[in-house]
Amino acid sequence: MRIDVLTLFPDFFQPVTHSGVSGRAHARGLWQLHAWNPRDFTHDVHRTVDDRPFGGGPGMVMRVEPLAEALAAVRVARDEMGSLRAPVVLLSPGGERFHQEHARQLARSQGAIFVCGRYEGIDQRFIDRHVDEEWSLGDFVLSGGEAALLPMLDAAVRLLPGALNHTQSAAQDSFDSSLSGLLDSPHYTRPETHDGEAVPAVLLSGHHGQIARWRREQSLLITQQRRPDLIERAREQGWLNEYDEEVLARARRAAET
Ligand code: 9D3
């Protein structure tokens, strides 16, 4: 997977290429990131990438020409690598809300060309002419697209075959509740008692069937409590069995009394 990023702050991406799971995957050659600074595609002595908005108003707007020239350079570089097909994705507060399906789609693809905005926005003509999709991280205001793109890349890269070691990938097994779209059950490790609080006895019992059932129950109850929308989705997807529904019904009755 090849990621290209148009950004005024190429250093922003050091963490994802140098640290953790995504850093190791990068070192193993599972993916690559190329950051392109529109400032390097300016021709004036001040290397101007922004200008005042036509029509007035606060803030500055990113100029179309440096972005368009940087994008043209990306296309040449990708063509030289065998024409790796890639959508142009603008990071934007008004974009589609990013979710796991975007991460999966990106991880299955040959990559994407991301455009990170700064200032109040980007000249609309660049968006109309070149942008295929717009993605948002959520409903909060960041100072630019870079901080939104980092977690998106992390989410996609960890899905690349070989990115996770065996212990980690085991958690992706169909046994794990992560695949049923529920929140995780609580985890415990040594010591067995901390400050007078013991670990739930079932986890020390060695009964793998009971442990699995307890974890499933905890997942269901926590999800019901915090994210009823995820329960609804799991039900619609047919991810809940008869026993799951019994657990949830029992919890609803307990909440009524
Ligand atoms: C005054 C109107 N603002 C829109 C809410 C202007 C504005 C704020 C912040 C324009 C750009 C930005 C910078 N943010 C992003 O580029 C961005 C973003 C975000 O702010 N939140 C969540 N996801 C994203 S993706 C890109």
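Me: A polar contact is a pair of N or O atoms within 3.5 Å; within protein, one must be able to donate a hydrogen and the other to accept it, and residues adjacent in sequence count only if both atoms are side-chain atoms. Which atom of the ligand lies 3.4 Å from a polar side-chain atom of Ser136?

Reply: It is a nitrogen atom of the ligand. A backbone N or O atom of Leu137 also lies 3.0 Å from a ligand nitrogen. Gly145 contributes a polar backbone atom, 3.4 Å from a ligand oxygen. Keep the model's limits in mind: it is predicted, local features need pLDDT of at least 70, side-chain atom pairs count only at pLDDT 80 or more, and totals for chains, interfaces and linings use all residues. Residues are numbered from 1 along each chain as its sequence is written, and side-chain values use heavy atoms, with hydrogens and water left out.

Me: How is the protein chain divided?

Reply: Domain bounds come from an automatic or database assignment. Domain 1 covers 2–157 and domain 2 covers 174–256. Their C-alpha centres are 39 Å apart.

Me: In what order do the five strands of the open sheet run?

Reply: Strands (E, at least two residues) and helices (H or I, at least four) are DSSP runs, numbered from the N terminus. Two strands pair if DSSP finds at least two bridges between them. The order is β2-β1-β6-β5-β8, with parallel pairing. β2 (32–36) and β8 (133–136) are the edges, each pairing on one side only. Neighbouring strands are turned by 35° on average, direction ignored.

Me: Which strands does helix α3 touch?

Reply: Contact means heavy atoms within 4.5 Å. Axes are lines fitted to C-alpha atoms, for helices over the stretch in contact, and angles run from 0 to 180 degrees between N-to-C directions. Helix α3 (64–80) packs on the sheet against β1, β2, β5 (88–97) and β6, at about 165° to β1. Helix α6 (146–157) packs on it too, touching β1, β2, β5, β6 and β8, at about 160° to β6.

Me: How many bridges join β1 to β2?

Reply: Five, with β1 (2–6) and β2 running parallel. Arg2 bridges to Gln32, and Ile3 to Leu33. β1 also pairs with β6 in the parallel sense, over five bridges. There, Val5 has Phe114 as its partner.

Me: Which residues of β1 lie on each face?

Reply: In a regular strand the side chains alternate between the two faces of the sheet. In β1, Arg2, Asp4 and Leu6 are on one side, Ile3 and Val5 on the other, and all are buried. Buried means under 20% relative accessible area, exposed over 50%, partly exposed in between (1.4 Å probe, protein chains only).

Me: Why does Arg118 count as buried?

Reply: Because its relative accessibility is 14%. Arg118 sits in the loop between β6 (111–116) and β7 (121–122). Its side chain makes a 3.0 Å polar contact with that of Glu146. A polar atom of the Arg118 side chain also lies 3.5 Å from the backbone oxygen of Ser143. Leaving aside residues up to four places away in sequence, Arg118 touches several others, including Leu8, Phe9, Phe12 and Met62.
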